[in-house]
Amino acid sequence: MTDARTILVADDDRAIRTVLSQALGRAGYTVRATSSAATLWRWVEEGAGDLVITDVVMPDENGLDLVPRIRRVRPELRVVVMSAQSTFMTAVKAAQRGAFEYLPKPFDLKELLAVVARALTAPAAAASAEEADEEERLPLVGRSPAMQEIYRTVARLTTTDLTVMITGESGTGKELVARALHDYGRRRTGPFVAINMAAIPRELIESELFGHERGAFTGALARGVGRFEQAAGGTLFLDEIGDMPPEAQTRLLRVLQEGEFTTVGGRNPIKANVRIVAATHRDLRQAIRGGMFREDLFYRLNVVPIRLPPLRERIEDIPLLARHFLDRAKTSGLPSKQLDQGAVDRLRQHAWPGNARELENLMRRLAALYPQEVIGADAVAAELAEAEPLAELELRGPETLEQAVERHLSSFVAAQKDGLPVRDLYERVLAEVERPLLRLALAATRGNQIKAAAMLGLNRNTLRKKIRELDLPVVRGLS
Ligand SMILES: Nc1ncnc2c1ncn2[C@@H]1O[C@H](COP(=O)(O)OP(=O)(O)OP(=O)(O)O)[C@@H](O)[C@H]1O
């Protein structure tokens with residue numbers, strides 16, 4: 001190492017200044033620490049320091065506001081922002097204003113030292129500090145360490161166009177993260193176009209994605225613009241990518257490799273100008289092993305993976321999320337409600353197989369159905385029990401669903417003479433289960449597909465597709 005690098009630290013908390021000075025000093029750096037933004041600014045203007053570490057909330061000025069000013073006068077001077085207000089917006093603002101890194105407090109000293117080392121050695125980027133004064137509307141809620149990690153990743157990605165693959169169980173917020181990547185990213189002035197692979201008939205996916213020429217197939221009466229073209233200059237969100245049929249996968253791979261595409265039935269290549277964000281609740285590695293998903297496409301899409309943890313792995317987020325969903329319910333016209341401590345405790349005990357979406361639906365139901373303003377544990381327990389008839393059903397009765405299915409299947413297999421039964425057995429058996437299940441859900445909700453989808457824990461588009469595939473009668477106007 002050449003002569004010691006100097007680090008400027010600004011934080012109004014003396015304890016933090018001491019800890020940082022000691023840790024950085026031990027690591028061989030020279031440290032100048034102050035409690036005020038004004039002093040930090042003076043040092044910066046004087047040309048002192050090789051790196052800045054600043055807190056956000058200081059008595060005289062907000063550390064985040066200082067970042068673009070520092071970047072303007074000394075573009076080479078990197079700034080690391082620390083904050084105890086570890087919300088999504090702090091992370092995003094820090095990134096958008098040109099901070100090198102954002103550290104939610106409390107942080108680990110080892111992590112801090114690693115960030116400092118990177119900040120002092122990373123090659124200069126051509127990033128420009130851009131100020132965006134978006135209102136404090138939090139698109140993503142939750143302060144668990146797992147969500148903090150996601151905020152940091154999303155924030156870092158707002159200054160790039162890298163392809164992102166979001167995985168997570170249904171209802172964990174994959175679409176929300178995709179939107180945040182767009183809304184706070186470089187392409188935010190362009191369109192955000194979403195396409196759900198599970199909701200479109202397989203034979204139409206390619207034309208939906210890439211468009212088609214007039215007469216390209218029966219029914220193609222006019223030229224159709226595909227989502228790739230619609231999303232030009234913006235973001236294309238490929239939802240349920242694990243459900244993409246093989247031919248479409250091959251075509252998508254080619255587009256990603258070559259940066260251009262042709263419409264179905266067309267000849268002239270069109271330049272692709274989209275940022276791709278893909279999402280799936282499936283285990284794609286398993287799909288690859290099973291020959292259902294192309295490995296080369298997976299690696300093209302999985303440039304930056306983001307894994308959204310299920311809600312049961314971050315129960316500390318439940319109170320904040322519940323509050324957030326009650327507020328949302330109120331904005332959409334439902335009465336204002338609060339949860340008492342018992343209700344919150346009851347929420348924490350639930351397993352949340354439907355994740356944030358299940359919690360959101362529950363909060364809407366509570367807001368809509370319960371007259372009292374403060375909701376207690378009993379109401380929550382009653383609604384949770386109501387929402388779980390299937391789980392209970394399986395435990396009750398002389399025969400479980402699984403046993404019944406097994407009994408039917410065994411006699412079916414035994415009836416096959418040489419032991420090797422018909423083709424498509426898997427699909428056929430699943431359809432046998434899906435058909436009555438969907439029929440029941442539709443009957444119970446009097447044909448209301450939105451409610452039936454919520455009851456089943458399915459995406460509305462997925463339900464619609466299944467109704468079509470299984471040829472179920474659609475009864476309208478009942479509700
Ligand atoms: N961290 C969060 N903060 C606030 N709202 C959230 C959060 N996570 C999820 N939600 C809300 O929960 C609902 C479900 O989220 P979303 O549709 O993004 O899930 P998903 O993972 O895409 O689900 P699926 O795989 O079933 O399509 C949405 O209404 C979303 O706004």
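## Sheets, ligand shell and helix packing

Strand β6 (residues 164-167) and strand β12 run parallel and are joined by four bridges, and V164 stands opposite V304 of β12. Helices (H or I, at least four residues) and strands (E, at least two) are DSSP runs numbered from the N terminus, and two strands are taken to pair if DSSP finds at least two bridges between them. The structure is a predicted model, in which local features need pLDDT of at least 70 and side-chain atom pairs count only at pLDDT 80 or more, whereas totals for chains, interfaces and linings use all residues. Residues are numbered from 1 along each chain as its sequence is written.

The protein chain contains 21 helices and 14 strands. Of its 479 residues, 33% are buried; a residue is buried if 20 or more other C-beta atoms lie within 10 Å of its own, exposed if 12 or fewer do, and partly exposed in between, with C-beta atoms placed from the backbone. Among contacts in the protein chain with a separation of 6 or more, 71% are between residues 24 or more positions apart. A contact requires that the C-beta atoms of two residues, placed from the backbone, lie within 7 Å.

The β6-β12 pair belongs to an open sheet of five strands, in the order β7-β8-β11-β6-β12 and with parallel pairing. At the edges are β7 (192-196) and β12 (304-307), each of which pairs on one side only. From one strand to the next, the twist averages 20°. Helix α7 (residues 174-183) packs on this sheet, touching β6, β7, β8 (235-239), β11 (275-280) and β12, and the direction of α7 makes about 165° with that of β11. Axes are lines fitted to C-alpha atoms, for helices over the stretch in contact, and angles run from 0 to 180 degrees between N-to-C directions.

Strand β11 is joined to β6 by four bridges in a parallel arrangement, with A279 of β11 as the bridge partner of I166. Four bridges likewise join β11 to β8, again running parallel, and here L236 stands opposite I276 of β11. Strand β11 is mostly covered, with six of its six residues buried. R275, V277 and A279 point one way from β11, while I276, A278 and T280 point the other way; all are buried.

R187 is located in the loop between α7 and β7. This residue counts as partly exposed because it has 19 C-beta neighbours inside 10 Å. Leaving aside residues up to four places away in sequence, R187 touches H182, G233, G234, T235 and R275. R187 and T235 are 48 residues apart along the chain, and their C-alpha atoms are separated by 7.0 Å.

The ligand is surrounded by 18 residues, of which S170, G173, K174, E175 and A356 are the closest. A residue is assigned to such surroundings if its C-beta atom, placed from the backbone, lies within 6 Å of the molecule. Helices α7, α13 (318-331) and α15 (355-369) each supply at least two residues of this shell. By class, the shell residues divide into five nonpolar, nine polar and four charged; Ala, Val, Leu, Ile, Met, Phe, Trp, Tyr, Cys and Pro count as nonpolar, Asp, Glu, Lys and Arg as charged, and the others, Gly among them, as polar. The ligand lies between domain 2 (160-307) and domain 3 (312-387), because both give residues to its shell. The domain bounds come from an automatic or database domain assignment.

A further open sheet of five strands has the order β2-β1-β3-β4-β5, with parallel pairing. Strands β2 (30-34) and β5 (101-104) stand at its edges with a single partner strand each, so one side of each lacks a neighbour in the sheet. The twist in this sheet averages 20° from one strand to the next. Strand β1 (residues 6-10) pairs with β2 in the parallel sense over five bridges, and T34 in β2 is the bridge partner of A10. Helix α2 (residues 37-46) lies across β1, β2 and β3 (51-55), running at about 155° to β1. Helix α4 (residues 88-96) lies across β4 (78-83) and β5, running at about 160° to β5.

In helix α20 (residues 449-456), the buried residues are A452, A453, A454 and L456. These buried residues pack against α15, α19 (425-444) and α21 (460-469).
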